[in-house]
Amino acid sequence: MSLAPERGWAMNTSVTGCIVTHNNETKIRETLDSVLSRTKGVALKLYAVDNLSTDGTVDILRGKEKEYDNLEVIENRCNRGFGAGHNTVLKRLDSTYHLIINPDVILRQDAIADMAAYLDKNPDIGLLSPNVCFPDGSIQILGKRDPKIKYLAASRMRGERPPGRLLREYAMLDRDMSQPFDIENATGCFMMLRTELFKRIGGFDERYFMYFEDCDLTRTVRKTSRAVYYPGAVVYHVWGRESKKNFKLMLIQIKSMFAYFRKWRI
């Protein structure tokens with residue numbers, strides 16, 4: 001089975017995307033340029049929502065807004081977190097598909113058109129997750145099953161070692177990664193949803209300031225639709241694993257984890 005998309009499938013499909021920034025001046029310029037310059041096969045409107053940056057992020061965003069007609073910058077007056085930042089644009093969306101994009105993701109191909117084309121062909125899919133790689137091309141070990149304490153503990157204790165049995169199970173590495181398959185959990189660094197579905201479920205649950213909002217969203221999508229891993233589109237994610245280095249972020253992650261487990265009665 002070939003995964004090569006037929007170029008032109010998505011030419012009449014509209015896509016919106018949103019990037020939420022907070023002090024991302026070292027990465028956001030490359031992200032914006034790659035997303036906006038690489039996307040050729042589909043009409044794209046990109047929103048950049050800044051959550052009260054105190055560095056030079058906003059200046060970069062405003063400069064790029066002048067450079068790209070399809071980029072709109074929104075400045076929030078407070079930082080209410082990742083999910084709330086993305087929900088800022090919810091009422092503005094009038095597209096076929098909507099993208100959630102991290103400010104440290106790079107495109108080297110027209111992944112957005114490829115994903116839109118695949119969704120055009122598969123109307124039963126509500127959320128599509130691409131193949132996410134490090135900048136050197138190695139695959140990131142990301143959870144594709146619902147989070148469990150044993151998986152999260154294995155991830156935190158892994159260090160630089162190859163993934164063990166639990167992480168391989170969590171990332172579904174037992175599957176053929178060269179073919180699409182249904183997943184339970186998709187990473188929020190880059191995901192495409194049907195806009196109507198994203199709006200119907202109310203976007204992200206804002207009880208999560210950061211972390212686990214993508215797990216929660218995927219689980220909500222799966223109530224009525226499929227979530228699928230699609231290796232035919234590749235994106236590159238810097239992924240600094242900040243919660244392993246920053247004690248404050250680690251506490252935020254733990255708080256979000258307990259909120260997730262309470263909500264889903266795990």
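How many salt bridges does the count come to? The count comes to 18 salt bridges, a salt bridge being a side-chain nitrogen of Lys or Arg within 4 Å of a carboxyl oxygen of Asp or Glu. This is a predicted model, in which local features need pLDDT of at least 70 and side-chain atom pairs count only at pLDDT 80 or more, while totals for chains, interfaces and linings use all residues. Residues are numbered from 1 along each chain as its sequence is written, and side-chain values use heavy atoms, with hydrogens and water left out.

**Salt bridges**

- R62 and E65 meet in a salt bridge at 2.8 Å, N to O. The two residues are 3 residues apart in helix α2 (residues 57–67), so about one helical turn separates them; helices (H or I, at least four residues) and strands (E, at least two) are DSSP runs, numbered from the N terminus.
- R62 is partly exposed at 31% relative accessibility, and E65 is partly exposed at 24%. Buried means under 20% relative accessible area, exposed over 50%, and partly exposed in between (1.4 Å probe, protein chains only).
- E169 pairs with R165 in a salt bridge whose closest N and O atoms are 3.7 Å apart. Because they are 4 residues apart in helix α6, about one helical turn lies between them. E169 is partly exposed at 26%, whereas R165 is exposed at 62%.
- D182 forms a salt bridge with R226, with the closest N and O atoms 2.7 Å apart. This pair links distant parts of the chain, D182 in strand β7 and R226 in strand β9, 44 residues apart. D182 is partly exposed at 36%, and R226 is partly exposed at 29%.

**Aromatic pairs and charges over rings**

- The whole structure contains 7 aromatic pairs. Rings of Phe, Tyr and Trp (its six-membered ring) pair if their centres lie within 6.5 Å; planes under 30 degrees apart count as stacked, over 60 as edge-to-face and the rest as tilted.
- Y151 and Y170 are a stacked pair, 4.8 Å centre to centre with 15° between the planes. Y151 in helix α5 (residues 149–157) and Y170 in helix α6 (residues 165–170) are 19 residues apart. Y151 is buried at 1% relative accessibility, and Y170 is buried at 9%.
- F181 and Y229 are a tilted pair, 5.0 Å centre to centre with 45° between the planes. F181 is in strand β7 (residues 181–182) and Y229 in strand β9 (residues 226–237), so the pair ties together parts 48 residues apart in sequence. Both F181 and Y229 are buried.
- One aromatic cluster is formed by F82, F198 and F204.
- The charged end of K144 sits over the ring of Y229, 5.1 Å from its centre; this requires NZ of Lys or CZ of Arg within 6 Å of the ring centre and within 35 degrees of the ring normal. The charged end of R108 sits over the ring of Y236, 3.9 Å from its centre.

**Burial and contacts**

- Helix α4 (residues 111–121) is mostly covered, with 9 of its 11 residues buried. Among them are D114, M115 and Y118.
- A43 lies in strand β2 (residues 43–51) and is partly exposed at 45%. Leaving out residues up to four places away in sequence, A43 touches T13, S14 and V15, contact meaning heavy atoms within 4.5 Å.
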